[in-house]
Amino acid sequence: MELDNHAEDLASDLGIDKEEVKADLQNLVEYSVPIDEAKQSLRRKYGDGSSGGSSAPSSKEIAEITPEDSNVTVTGVVLTTGKRSIRYQGDDHVIVEGRLADETGTIDYTAWEDFGLSAGDTITAGNASVREWDGEPELNLGESTSLSFEADSIEVPYETGGDAQLADLQTGDRAVNVEVAVVDCERRTIDGRDGETEILSGVFGDESGRLPFTNWDPAPEIEAGSTVRIENAYVQEFRGVPEVNVSEFSTVTALERAVDVGVETTTMDISAAVHTGGIYDVEVTGNVLAVREGSGLIQRCPECYRVIQKGQCRTHGDVDGIDDLRVKAILDDGTGAVTVVLDDELTEQVYDGTLEDALEQAREAMDQEVVADTIREHIVGREYRVRGHLSVDEYGANLDAESFEERTDDPTVRASAFLEEVHS
Ligand SMILES: [Zn+2]
């Protein structure tokens, strides 16, 4: 929040002139008084009618906390706790994150100091500040928080510990434990923030599904075909889908037991899939309404591999493009629409020809658009079952297809089967 907004908040709370409050606030902030403390002291100075002049944050039940609260005192049970390293204002900080619960609900917290929290502890956090993340309140436990461990634990209707199944994980989840099979694993060298570094990336699977992962500090237990238990992983979005992050603070142990990787892909309506905000390995069925521009025979920049127009890359200028095939098709199932992206192999299938065939067709017609036209004739108006990875951004929803199969069952057969079902 800007100083201006804080001043406006205060002014309307206290019923005084905004410019006056702002000048005071500016003064305090210039003396390095944290904004929350500055606001508290101004509330004392001008007398906060609503709270009877008391400056102590009110004790609240978790369900009552809203993003509008600035500071609260809360008692609850630590459900999960996990360390993570983040870069904040140019420095690396180790923070502790997790979830706190009482009888009324749960709330995520971030501790900027190591208070020594363990799952199962009952704590009272005095003067915890509240911030908003994705529309939900979160607790910040920092220097000005007084944290005490309660001798009497409270009962909560939630499980402690972060054991989870892959299908339940969502972007933003912290301190999670999973037991998975390593479906796919590759070692890569990346240009990290501290120079070149080796990482592992691939795909984890369990009974519930599959998710991509990155292991930032390669653990020897993680290799293709192994099964492992991972504690204190976190989930972050990468290319629009949730990804399991295994960090230097995670614990990786080899599992004796086998983990069955569910073969069932999540099948969803397009609108439900889009509403998840991004999902790895999903299946939708719909009709191809159109083949978008930039489909068929295309050229890519040899440097960055992005699609180029008329030999011009937006970053690398005049380049000698590499020929490639792809399709961007609009798939609609009545509930919503996505752009399905087919790679070169799937495009060869729907085109019913190779890249060489496409180049020859384009040469003969002296127009490379004919390739997209042929693909249009083959797929528009037909129904497909598509499996792949869905990402959603401000430009729309893209489904990166792994398989693209026409629903060939005769519609009249399907209709009569449906009628039988209805009448039986
Ligand atoms: Zn380029």
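1. Along the chain, the donors of the zinc ion follow the spacing C-x2-C-x8-C-x2-H, where donors are N, O and S atoms within 2.8 Å of the metal (3.2 Å for Na, K and Ca), and water is not among the atoms, so sites may look incomplete. Cys304 lies in the loop between strand 15 (296-300) and strand 16 (307-308), and His316 in the loop between strand 17 (312-313) and strand 18 (317-318), so this pair ties together parts that are 12 residues apart in sequence. Helices (H or I, at least four residues) and strands (E, at least two) are DSSP runs, numbered from the N terminus.

2. This is a predicted model, in which local features need pLDDT of at least 70 and side-chain atom pairs count only at pLDDT 80 or more, while totals for chains, interfaces and linings use all residues. Residues are numbered from 1 along each chain as its sequence is written, and side-chain values use heavy atoms, with hydrogens and water left out.

3. The zinc ion is coordinated at 2.1 to 2.3 Å by Cys301 (SG), Cys304 (SG), Cys313 (SG) and His316 (ND1). The four donor atoms subtend angles of 106 to 113 degrees, which makes the arrangement tetrahedral (four donors count as such if all angles lie between 85 and 135 degrees). Cys304, at 25% relative accessibility, counts as partly exposed, and His316 is partly exposed with a relative accessible area of 34%; buried means under 20% relative accessible area, exposed over 50%, and partly exposed in between (1.4 Å probe, protein chains only).

4. Strand 1 (residues 71-88) is joined to strand 2 (residues 91-102) by 11 bridges in the antiparallel sense, with Lys83 opposite Val96, and two strands pair if DSSP finds at least two bridges between them. In the hairpin of these strands, which has two residues between them, Gln89 takes a positive phi near 50 degrees. Strand 1 also pairs antiparallel with strand 4 (residues 122-133) over six bridges, and there Val77 has Thr122 as its bridge partner.

5. In helix 5 (residues 344-351), the buried residues are Leu346, Thr347, Val350 and Tyr351. Seen down the axis, these buried residues fall within an arc of 135 degrees, so they line one face of the helix, the arc being that of the directions from the helix axis to the C-beta atoms. Glu345 and Gln349 are exposed on the other side of helix 5. Just after helix 5, Asp352 takes a positive phi of about 65 degrees.

Definitions and conventions: Four donors count as tetrahedral if all angles lie between 85 and 135 degrees; four count as square planar and six as octahedral if opposite donors are over 155 degrees apart and all others between 65 and 115; anything else is irregular.
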